[in-house]
Amino acid sequence: QVQLMESGGGLVEVGGSLRLSCAASGRIFNIDAMSWHRQAPGQQRDLVASIYSSGSTNYAESVKGRFTISGDNAKNTVYLQMNSLKSEDTAVYYCNLRTYRWAGGMDYWGKGTLVTVSP
C-alpha cells in the first residue's frame, strides 16, 4: 500500500504564496506520475499540476505561470509552489500518485490540505 501525506496548507492573503508538500510512503514502485488536484466547496475535483517519472510537467491553464510542481525522489516528496494566489485558488488540495498502467494503473490519494486565500 501507498500512503500520501499532504502538508503546507493554510490561510494566506491574495497575492501571497504557499508551498504544499506531499510525502509518499509504503510500497512505492512503478510510479507513472504524481499530481495535485483541488476541490472547492460544491465543485468537482480538478487537476492542478502533474509531474511524470520522466520529469515532464503539465499544469491547468488557470495556474500556469503561478504554480510550480517539483519532486524530490530521495525524499519521495512532491511539492507545489503556489505564488500570486487568488481567491479562486481557495480549495482543498489533494495529492495523487498513479502507477503505470502495466503495473495496475492504481490511484492513491492523500486526505487533502486546505488552502484559503483571503481578499
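Let's start in a loop: Ser84 sits between β8 and β9. The model you have open is a predicted one, and its secondary structure amounts to 11 strands and zero helices. Below is a friendly tour of the overall fold, the core, the aromatic residues and a few individual positions.

**Overall fold**

- Reading along the sequence gives the pattern β-β-β-β-β-β-β-β-β-β-β.
- A compact globule of 119 residues would have a radius of gyration near 14 Å, and the value of 14 Å for this protein agrees with that.
- Along the principal axes, the C-alpha atoms occupy a box of roughly 45 × 25 × 25 Å.
- Buried residues make up 37% of the 119 in the protein.
- Among contacts with a separation of 6 or more, 54% join residues 24 or more positions apart.

**Nonpolar core**

- The largest nonpolar core contains 27 residues. Leu4, Met34, Trp36, Leu80, Met82 and Tyr93 are the members with the most contacts inside it.
- Two or more residues of this core come from each of β1 (2-7), β3 (18-26), β4 (31-39), β5 (46-52), β7 (67-72), β8 (77-82), β9 (91-99) and β11 (113-118).

**Aromatic residues and a shared arginine**

- The model has one aromatic pair. Its partners are Tyr100 and Trp102, with 5.4 Å from centre to centre and 10 degrees between the planes. The pair counts as stacked because planes under 30 degrees apart fall in that class.
- How exposed are the two partners, Tyr100 and Trp102? Tyr100 is partly exposed at 25% relative accessibility, while Trp102 is exposed at 65%.
- Arg45 lies over the face of Tyr94, 3.6 Å from the ring centre. Arg45 also lies over the face of Trp109, here at 4.7 Å from the ring centre.

**Asn96, a buried polar residue**

- Asn96 belongs to strand β9. With a relative accessible area of 4%, Asn96 is buried, since the cut-off for that class is under 20%.
- What does the side chain of Asn96 make a polar contact with? One partner is the side chain of Asp107, at 3.1 Å. The Asn96 side chain also reaches the backbone oxygen of Tyr108, at 3.3 Å.
- Leaving aside residues up to four places away in sequence, Asn96 touches Leu4, Ala33, Met34, Ser35, His37, Asp107, Tyr108 and Trp109.

**Ala23 on strand β3**

- Ala23 is in strand β3 and is partly exposed, at 33% relative accessibility.
- Beyond residues up to four places away in sequence, Ala23 touches Gln3, Leu4, Met5, Asn76 and Thr77.
- Ala23 and Gly71 are 48 residues apart in sequence, with a C-alpha to C-alpha distance of 10.0 Å.

**Two loop residues with positive phi**

- Asn30, in the loop between β3 and β4, has a phi near 55 degrees, which is positive. Asn30 is partly exposed, at 36% relative accessibility.
- Ser84, where this briefing began, has a positive phi near 50 degrees. Ser84 is likewise partly exposed, with a relative accessible area of 41%.

Terms used: Residues numbered from 1 in each chain as written. Predicted model: local features only at pLDDT ≥ 70, side-chain atom pairs only at ≥ 80, totals over all residues. Heavy atoms only, no water. Phe/Tyr/Trp six-rings, centres within 6.5 Å; stacked < 30°, edge-to-face > 60°. Buried < 20%, exposed > 50% of the residue type's maximum accessible area, 1.4 Å probe, protein only. Lys NZ or Arg CZ within 6 Å of the ring centre and 35° of its normal. Core = buried A, V, L, I, M, F, W, Y, C linked by side-chain atoms within 4.5 Å. Helix = DSSP H or I, 4+ residues; strand = E, 2+ residues; numbered from the N terminus. Polar contact = N/O pair within 3.5 Å; in protein donor to acceptor, adjacent residues only side chain to side chain. Contact = heavy atoms within 4.5 Å. Rg over C-alpha atoms; globule rule 2.2 N^0.38 Å.
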